[in-house]
Amino acid sequence: MNAGLWTLVGHGSSQVLRLLGNLVLTRLLAPESFGVMAVATVVSIGVVMFSDLGLRQVIVRSNRAGDPVFINTVWTMQVLQGLLVAALMVLIALALAFAQHLGYTRTGSTYGNPVLPWLIAGLSLSGVLWGLESTKLATAEKEMLLRPVVLIELGSQVAGVVAMAAIAFVHPTVYVLLVGALVAGAVKVTASHMLPRGINNRFFISMPVAREVVSISNWIIVSSALTFLSANLDKLILAWLLGSNTMGQFAIAALLSGAVVEVVNRISSRVTFPAITRAYERDHSELARTYHRSRIPTDAFCLLVAAFLFWFGPDVVRLLYDDRYLQAGEFLRILAITLVGARYSVVPYMYLLVGRPGLMAAEQAFRLCGILAAIVIGYRLYGTTGAMWGVALGQLAGNLAGLVLFQPRLGLLSVKGELASLALFAAAFFLFGFAHQWEGPHLDANGEVTARPAATPSAPASSAPR
């Protein structure tokens with residue numbers, strides 16, 4: 001089985017496990033639990049990415065992946081980064097608890113939930129576990145040996161889902177989500193060090209290697225921070241504007257749309273990027289051709305799924321969840337628009353490959369500004385629904401900037417390819433729209449066949465702010 005197939009099978013299985021676990025837990029926990037945990041997870045990811053040195057990418061890109069001095073220096077730096085992440089998360093939890101005590105958090109917002117500081121503090125342990133992961137995982141990715149990587153990730157996920165479900169049946173509380181994350185992390189760390197292929201890690205620092213890594217990582221740190229903000233600024237803002245219940249609805253919709261985005265991101269980072277790198281090392285003139293060829297299946301997949309979810313997103317949610325989560329269906333159809341931009345997920349790696357990491361940061365900056373402006377304007381005009389459209393359209397700002405400003409500089413823009421993709425999306429959009437208008441039967445939340453409701457424009461989920 002080749003690397004691409006392992007990535008598809010592995011990540012497809014991962015998303016199925018994630019969905020099954022989510023379906024079980026949504027029947028045991030209230031929407032508020034998922035809203036609070038979503039914010040705590042965003043904080044955890046943010047601290048990691050704001051301190052990210054891009055160590056895994058450094059190993060994949062380097063020709064010294066078989067050098068123990070290089071590998072162990074990188075691993076030691078990773079462990080230190082994990083400890084720093086844990087310390088920062090504890091400080092954030094303490095600061096939030098203090099702000100709640102003084103009444104500085106917005107009444108009724110997710111930030112005002114008293115459980116949130118405890119979840120953030122608990123997730124600090126995940127930073128320690130992440131830092132302890134073996135570099136054998138990155139080495140396996142570089143060598144395109146993805147079978148052990150996929151099996152470890154699936155095994156750790158199964159362990160986390162089983163732990164969450166078992167505890168939730170006995171004691172249904174938001175903390176089962178925390179326990180699941182920690183169990184999965186612990187299993188992944190243990191299994192990664194048991195891989196037979198690769199260098200066994202030990203603590204070691206070579207200052208020349210550390211300086212080399214830091215010099216490579218300067219722009220990666222900036223880009224990772226901007227990537228986090230552009231991907232999660234929406235959640236940070238919405239947590240201030242929305243209560244835990246509505247935030248939970250958004251978390252479910254983001255989970256479903258994000259599952260598709262994550263599949264594309266995994267293929268880009270673990271299959272497309274290494275394959276393009278090998279072609280580029282053989283012949284620099286092959287870069288554009290290899291890039292365009294690799295994007296054809298990605299474009300088709302993203303655009304077809306985007307068109308489908310825009311029209312049938314509410315039906316998907318009605319089929320999978322009970323009536324408490326119906327609002328997530330309307331959110332899902334809006335968030336489906338983000339999949340139009342997900343097909344460019346390999347572009348930042350192209351900037352890195354040709355030694356232009358600054359373009360990664362610039363593109364993320366455009367996306368960040370677009371999200372901030374779109375959410376603020378959307379919420380002011382149309383309340384929660386307007387904010388959701390701001391989330392979706394703001395994400396596309398970075399893709400547009402890359403398409404118009406940066407890709408032409410590197411000879412990566414194909415006007416014919418972009419027009420063909422737009423034609424495919426338009427055709428799929430109208431075909432799925434026509435199918436949606438058919439007044440046929442559909443399944444409701446209880447699995448019963450009923451008449452399809454007439455298609456009407458989505459009403460705002462809440463009134464505009466006063």
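**Figure 1. Salt bridges in the predicted model.** The count of salt bridges comes to 10, where a salt bridge is a side-chain nitrogen of Lys or Arg within 4 Å of a carboxyl oxygen of Asp or Glu. Side chains of opposite charge can pair when their charged atoms come close. The model is predicted, and local features need pLDDT of at least 70, side-chain atom pairs count only at pLDDT 80 or more, and totals for chains, interfaces and linings use all residues. Residues are numbered from 1 along each chain as its sequence is written, and side-chain values use heavy atoms, with hydrogens and water left out.

**Figure 2. The salt bridge between D234 and K235.** The side chains of these two residues meet with an N to O distance of 3.9 Å. Both D234 and K235 are buried; buried means under 20% relative accessible area, exposed over 50%, and partly exposed in between (1.4 Å probe, protein chains only).

**Figure 3. The salt bridge between D315 and R318.** The closest N and O atoms of this pair are 2.4 Å apart. Both residues belong to helix 11 (residues 287–320), where they are three residues apart, about one turn of the helix. Helices (H or I, at least four residues) are DSSP runs, numbered from the N terminus. D315 counts as buried because its relative accessible area is 11%.

**Figure 4. The salt bridge between R324 and D322.** Here the closest N and O atoms are 3.0 Å apart. R324 has a relative accessible area of 39% and is therefore partly exposed. D322 is also partly exposed, with a value of 21%. Elsewhere, salt bridges that share partners join R295, D299, R343 and E418 into one network.

**Figure 5. The surroundings of S109.** S109 lies in the loop between helix 4 (68–102) and helix 5 (116–131). Its relative accessibility is 4%, so S109 counts as buried. Leaving aside neighbours within four places in sequence, S109 is in contact (heavy atoms within 4.5 Å) with A239, W240, L242 and G243. A polar atom of the S109 side chain lies 2.7 Å from the backbone oxygen of R106.

**Figure 6. Residues that line the second largest pocket.** Of the 16 lining residues, Q15, L19, L256, A259 and V260 are the closest to the centre of the pocket. Helix 1 (3–26), helix 10 (244–282) and helix 11 each supply at least two residues of the lining.

Definitions and conventions
A polar contact is a pair of N or O atoms within 3.5 Å; within protein, one must be able to donate a hydrogen and the other to accept it, and residues adjacent in sequence count only if both atoms are side-chain atoms. On a 1 Å grid over the protein atoms alone, a cavity is a set of points where a 1.4 Å probe fits but cannot get out, and a pocket is an open set with protein on both sides within 12 Å along at least five of seven lines; lining residues have an atom within 4 Å of a point.
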